[in-house]
Every structure is written in C-alpha cells, then in structure tokens.
Amino acid sequence: MTARFETISVVGLGYIGLPTAAMFASRKTKVIGVDVNARAVDTINRGEIHIVEPDLDIAVHSAVTEGYLRASTQAEVADAFLIAVPTPFRGNDHEPDLSYIEAAARAIAPVLSPGNLVVLESTSPVGATEQLAGWLAEARPDLSFPQAAGDASDIRIAYCPERVLPGKVMQELIHNDRVIGGMTPRCSDAAVALYKLFVEGDCVVTNARTAEMAKLTENSFRDVNIAFANELSVICDKLDINVWELIALANRHPRVNILQPGPGVGGHCIAVDPWFIVSRTPDEAQLIRAAREVNDAKPQWVLRKVQEAVAHLLEGNPGKSPADVTVACYGLSFKPDIDDLRESPALAIAQALAGAHAGRVLVVEPNVVALPATLERLELVSIQDAATADIQLLLVDHREFRATTQPSGQIIDCRGIWVGGQ
Ligand code: SAJ
C-alpha cells in the first residue's frame with residue numbers, strides 16, 4: 001500500500017530544510033516547518049526568508065500566503081518528519097557533532113504515532129540513522145521501530161541525503177536523483193513515496209549505511225580532486241609551469257577530468273564531510289585525510305606568495321618599507337558569484353593580510369555593499385580603485401573579474417582568470 005502524506009513536518013529551516021518545505025508546499029501538501037530560531041519562524045510566517053537562495057523567496061511567499069506552509073518552534077503531529085539540521089564537527093579530531101539530530105529526535109518523539117515516517121537528510125557519519133532510531137525508541141517505548149521490529153515496525157526510518165548545490169537549490173531539488181536508504185524495504189518504499197511528491201529524478205533505493213556513505217563519498221571525491229589540482233598548482237609554481245594550461249591540456253585526455261586549483265576549499269560541506277569518514281576510519285582513510293590537509297594548507301601558501309611579492313617589490317626600492325606596499329584582494333566569498341562569506345578561504349586570507357601586512361589592504365567584492373565590522377582594517381573599493389595597487393591578489397573568479405583585463409602591478413592569480421592558459 002502506498003503511504004499517504006497529508007501533513008509533512010520539516011525540522012530545521014535552513015539552506016536545505018526551507019527549500020524542501022517550500023517544494024512540498026508547492027505540490028499542495030500541508031507543511032509544518034519547525035525551527036528553534038524564533039526569529040526565522042516569524043520571518044517565514046510573514047512569507048519572507050532569512051537566507052539567500054535564488055527563487056526561494058517567491059516559493060516561500062506563495063506557500064505561506066496560499067496556506068500550505070506554516071512555521072513553528074514546537075513539533076506538531078504529522079505523517080512524515082524530515083530532519084535537516086546542521087551536523088558540524090568539533091575538536092582537533094574533527095569528531096562529528098550529532099547534538100542537533102539528537103535534539104530534533106527528542107523534539108519529534110512526543111508527537112510520533114504509528115504509521116509515521118522519519119527521514120534524516122543531514123549529512124551524517126555512517127551509523128547516524130541507527131543512532132537516530134535509537135534515540136526515538138528510547139523516548140517512545142510504546143512504539144516499535146525498525147531496528148527491533150523490522151518491516152513490521154510502527155515507525156519507518158530512512159536516510160536520504162540532500163545533494164543540491166547552493167545557488168541552484170530550487171532546480172536541483174526537483175531534477176537531481178535521490179539516494180534513499182531505508183532501515184528496511186518498507187521504510188525505503190515510504191520514503192520514495194514521500195520524495196516522489198516533487199522529485200523528477202530517479203529515487204534509487206539502498207540501505208541507510210550505504211546512503212550515508214554515498215553522501216560523504218560525493219563530497220570527498222570532489223575534495224580529493226580539488227586537492228590534486230591544488231597540489232599541482234604548488235608543484236607547477238616551483239617548476240615555472242602554468243598550472244591552468246597544464247590542466248586544460250591534461251583534460252583533453254578522454255579519461256582525465258581534473259578540477260581547478262584555488263586559494264583553498266570553502267563552504268559548509270566539502271571542507272567538512274570528508275572528516276566524517278576520517279573520524280570513523282582514521283587508519284584507513286589516509287588519502288581522504290591528506291586531501292583535507294592539502295586543501296586546508298593552501299591559504300597559508302597564498303599568504304607566503306604575498307610575502308614573497310612584497311619582499312621582491314622592496315628589493316628594488318631600498319627607501320621603501322612594507323607600509324608603502326598596497327595589496328588588492330579580489331573576492332571574499334567562498335565561491336564565485338555568491339555573497340556567502342562564511343567558511344571562505346578568500347576571507348581568511350584577506351583577514352590574515354589585514355593582521356600581518358603593514359600597508360593598505362584593499363578588497364573588491366562586488367556581491368556585498370559593506371564589509372562585516374570585524375574586517376575594519378580592510379578597505380572595500382571598486383575594481384577601478386584597486387587597479388593601482390602594487391600587488392593584485394585574485395582570490396575568487398567572480399564574473400566581474402572575468403570581464404576585467406589583467407591590472408598592472410604584481411599579479412598573484414589563484415584562479416587562473418588573468419594568467420590562465422588555453
Ligand atoms: N572549488 C575549487 N575548485 C573547483 C571546484 C570547487 O577550488 O574546481 C572550491 C570552491 O571555490 C569552494 C569549494 O570548492 O570553495 C566548494 O564549492 P563547490 O561548488 O564544489 O561545492 P558546494 O560546497 O557549494 O556544494 C557541494 C556540492 N557537492 C558536490 O558537488 C559533490 C553539492 O552538490 C552538495 O549538495 C553540497 O556540497 C552539500 O550540501 O553537501
């Protein structure tokens with residue numbers, strides 16, 4: 001029998017939960033969004049949004065005004081519960097922090113009833129879905145769960161990772177294939193029926209542990225490939241070879257597809273998720289750990305390049321000091337054409353320069369109108385005003401910089417748009 005979902009509850013109304021809630025609501029299903037952030041709840045209930053994502057504002061506005069989406073700080077009765085809360089890591093060992101999942105489990109447990117489906121979407125270490133099932137079972141001894149009752153359980157539980165790219169969430173939610181890992185076949189069937197409400201891609205069924213590992217594998221694959229490109233960039237710099245020309249040439253091979261080097265890897269996913277594999281299997285995950293270390297070391301390498309450039313400039317000008325050298329940084333966000341400055345290697349580099357360099361540090365960031373107060377030593381300027389700086393440090397390949405010809409001054413191009421090859 002196909003599961004029916006009259007009311008769906010989405011727990012966690014952030015970058016994944018809110019678009020997903022709006023998507024279910026757009027299919028005329030009643031959605032209750034739950035979040036601990038009362039201000040976000042109020043914003044959503046006014047039909048507005050608290051995050052930046054193209055087309056999300058329109059979707060949330062119509063979902064709320066048409067009465068399909070409502071937000072609350074308290075969990076309420078529903079047919080399906082979808083958990084999309086953060087899973088950061090903590091400490092030097094990068095141990096995954098499942099406390100938000102545990103809090104979500106404790107919040108929904110009192111309102112669960114037989115026939116409910118609970119889906120975990122948060123990126124998680126292998127075993128997290130079983131752990132979630134354990135917390136729910138502990139809180140509700142009156143109900144049966146798949147780990148004990150198998151296919152006959154009252155509650156169905158599945159893991160289904162989100163895989164959408166920030167900036168393209170509203171399209172990718174509909175068109176990407178979904179990996180669905182039920183704790184039992186019946187759990188998977190229920191989760192497929194849920195996602196089929198809006199997913200036009202394939203819903204591919206596996207078990208929960210494989211689905212958890214699939215998500216971590218996708219982001220680790222990208223991290224390892226970018227680390228390869230970043231290591232090549234350091235090697236090529238030493239050997240006086242243009243790394244972008246090199247990669248373009250190598251990628252003409254039909255079975256080679258190297259990603260692009262940069263100032264480091266940012267964002268909330270690719271720089272985090274590989275640690276979830278390393279923390280569970282530290283002795284085995286050697287390449288994955290090394291890739292993380294290579295990518296995390298890249299900002300320091302860029303800072304050394306700036307130091308060398310300053311020293312080089314002063315060599316020919318004995319009367320000058322570092323205070324006379326102006327550095328212009330192009331881009332602060334964690335990737336091109338967005339305004340998200342969180343977890344950004346470009347921002348970390350600009351901040352470190354502001355602390356270490358005695359001269360002026362200019363910043364060009366076309367996607368923000370003002371710099372955060374913590375960056376007061378940096379000067380936000382236009383592309384034209386940055387053109388006279390002594391050192392031109394290209395950190396993010398925003399479209400505005402692609403459209404600009406290479407400025408004069410000493411160039412350190414971390415993205416290959418001014419000094420790229422082929
Ligand atoms: N980067 C490079 N070189 C490249 C590509 C990316 O240096 O060739 C850098 C970017 O500049 C950025 C970082 O990597 O700092 C990550 O950017 P991204 O565009 O690769 O990925 P995210 O973090 O925005 O989104 C990823 C996506 N995962 C994959 O493509 C495998 C997305 O599909 C996931 O849903 C998302 O992580 C997530 O939520 O896990």
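## Ligand contacts

An oxygen atom of the ligand sits 2.8 Å from a polar backbone atom of Arg-163. That pair is a polar contact (N or O atoms within 3.5 Å). Glu-162 also takes part: an N or O atom in its side chain lies 2.7 Å from a ligand oxygen. For the side chain of Lys-215, the distance from an N or O atom to a ligand oxygen is 2.5 Å. The protein covers 88% of the 770 Å² of accessible area that the ligand has on its own (Shrake-Rupley method, 1.4 Å probe).

This is a predicted model: local features need pLDDT of at least 70, side-chain atom pairs need 80 or more, and totals for chains, interfaces and linings use all residues. Residues are numbered from 1 along each chain as its sequence is written, and side-chain values use heavy atoms, without hydrogens and water.

## The shell around the ligand

The ligand has 20 residues around it, each with a heavy atom within 4 Å. Glu-162, Val-164, Lys-215, Arg-222 and Phe-334 come nearest. The shell holds 9 nonpolar, 3 polar and 8 charged residues. Here Asp, Glu, Lys and Arg count as charged; Ala, Val, Leu, Ile, Met, Phe, Trp, Tyr, Cys and Pro as nonpolar; the others, Gly among them, as polar. Helix H9 (residues 208–239) gives the most, with 5 residues.

## Two positive phi angles

Asp-337 lies in the loop between strand S11 (327–330) and helix H13 (345–356). Helices (H or I, at least four residues) and strands (E, at least two) are DSSP runs, numbered from the N terminus. Phi of Asp-337 is near 65°, a positive value in a residue other than glycine. Asp-337 is partly exposed, at 32% relative accessible area.

Glu-343 is in the loop between S11 and H13. Its phi is positive too, near 50°. Glu-343 counts as exposed, at 54%. The cut-offs are under 20% for buried, over 50% for exposed, and partly exposed in between (1.4 Å probe, protein chains only).

Key
Polar contact = N/O pair within 3.5 Å; in protein donor to acceptor, adjacent residues only side chain to side chain.
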